[in-house]
Amino acid sequence: MTVAMKIRKGDTVHILAGKDRGKEGRVIDAMPKERKVIVENLNLVKRHTKPRPLRDSSRMGGPQVAPGGIIDKASPIHIGNVMLVCPTCNRPTRVGTVVKEVKGQKNKVRVCKRADCGQEIDK
């Protein structure tokens with residue numbers, strides 16, 4: 001059973017734990033099955049890669065090669081270690097949902113749970 005994540009691609013998040021604790025960044029990719037997110041330029045790891053030829057690159061002369069060496073790559077973070085930043089109050093917040101009816105259709109809308117804010121996160 002998978003539970004829908006309250007953090008989506010494009011959201012700004014605050015890192016709660018790990019080597020990048022306290023930093024904020026934008027979510028590049030969300031993986032609901034693994035309950036993880038990839039945050040732009042945070043939780044970087046180094047990968048040693050070989051130079052490899054690119055596919056279908058022989059059209060324009062010689063073969064093109066993907067560069068090798070030590071490459072920094074963003075790795076996934078568990079969603080329990082990140083907290084959504086409310087776009088209205090610009091502070092890390094817990095996320096709630098409210099059912100809103102628009103033109104006869106019921107939609108779930110994410111809401112900031114701070115007592116002094118309470119604004120919709122999805123616009």
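I take two strands to pair if DSSP finds at least two bridges between them. The model I consulted is a predicted one.

**Entry 1**

I looked up the hairpin first. Strand 2 and strand 3 form it, with four residues between them. In the turn, I noted that Arg35 has a positive phi of about 60°. The two strands, of which strand 2 covers residues 24-31, pair in the antiparallel sense over four bridges. Within this pairing I found Asp29 opposite Ile38 of strand 3.

I then asked which residue of strand 8 stands opposite Val37. That residue is Ile77. Strand 3 and strand 8 (residues 77-78) run antiparallel and are joined by two bridges.

**Entry 2: the nonpolar core**

I listed the members of the largest nonpolar core, which has 11 residues. Among them are Val37 and Ile77, the pair noted in the previous entry. Met5, Ile7, Val13, Ile15, Val27, Val39, Leu42, Ile79 and Val82 also belong to this core. At least two of the core residues come from strand 1 (12-15), and at least two come from strand 3 (36-39). As general background, nonpolar side chains in soluble globular proteins tend to be buried together.

Arg35 is the turn residue with the positive phi.

**Entry 3: Asp11**

I located Asp11 in the segment before strand 1. Is Asp11 buried or exposed? Its relative accessibility is 10%, and the cut-off for buried is under 20%, so Asp11 counts as buried. The side chain of Asp11 makes a polar contact of 2.7 Å with the side chain of Arg110. Besides Arg110, Asp11 touches Lys6, Gly25, Arg26, Val27 and Leu84, again not counting residues up to four places away in sequence.

**Entry 4: cysteines**

I searched the whole structure for disulfides and recorded zero. Cys86 is in none; the nearest cysteine sulfur belongs to Cys89 and is 3.6 Å away. For Cys117, also in no disulfide, the nearest cysteine sulfur is that of Cys86, 3.8 Å away.

Cys86 is buried, at a relative accessible area of 0%. Cys117 has a relative accessibility of 15% and therefore counts as buried.

Note on methods. Residues are numbered from 1 along each chain as its sequence is written. This is a predicted model: local features need pLDDT of at least 70, side-chain atom pairs count only at pLDDT 80 or more; totals for chains, interfaces and linings use all residues. Side-chain values use heavy atoms; hydrogens and water are left out. A nonpolar core is a set of buried Ala, Val, Leu, Ile, Met, Phe, Trp, Tyr and Cys residues joined through side-chain atoms within 4.5 Å. Buried means under 20% relative accessible area, exposed over 50%, partly exposed in between (1.4 Å probe, protein chains only). A polar contact is a pair of N or O atoms within 3.5 Å; within protein, one must be able to donate a hydrogen and the other to accept it, and residues adjacent in sequence count only if both atoms are side-chain atoms. Contact means heavy atoms within 4.5 Å. A disulfide is a pair of cysteine sulfur atoms within 2.5 Å.
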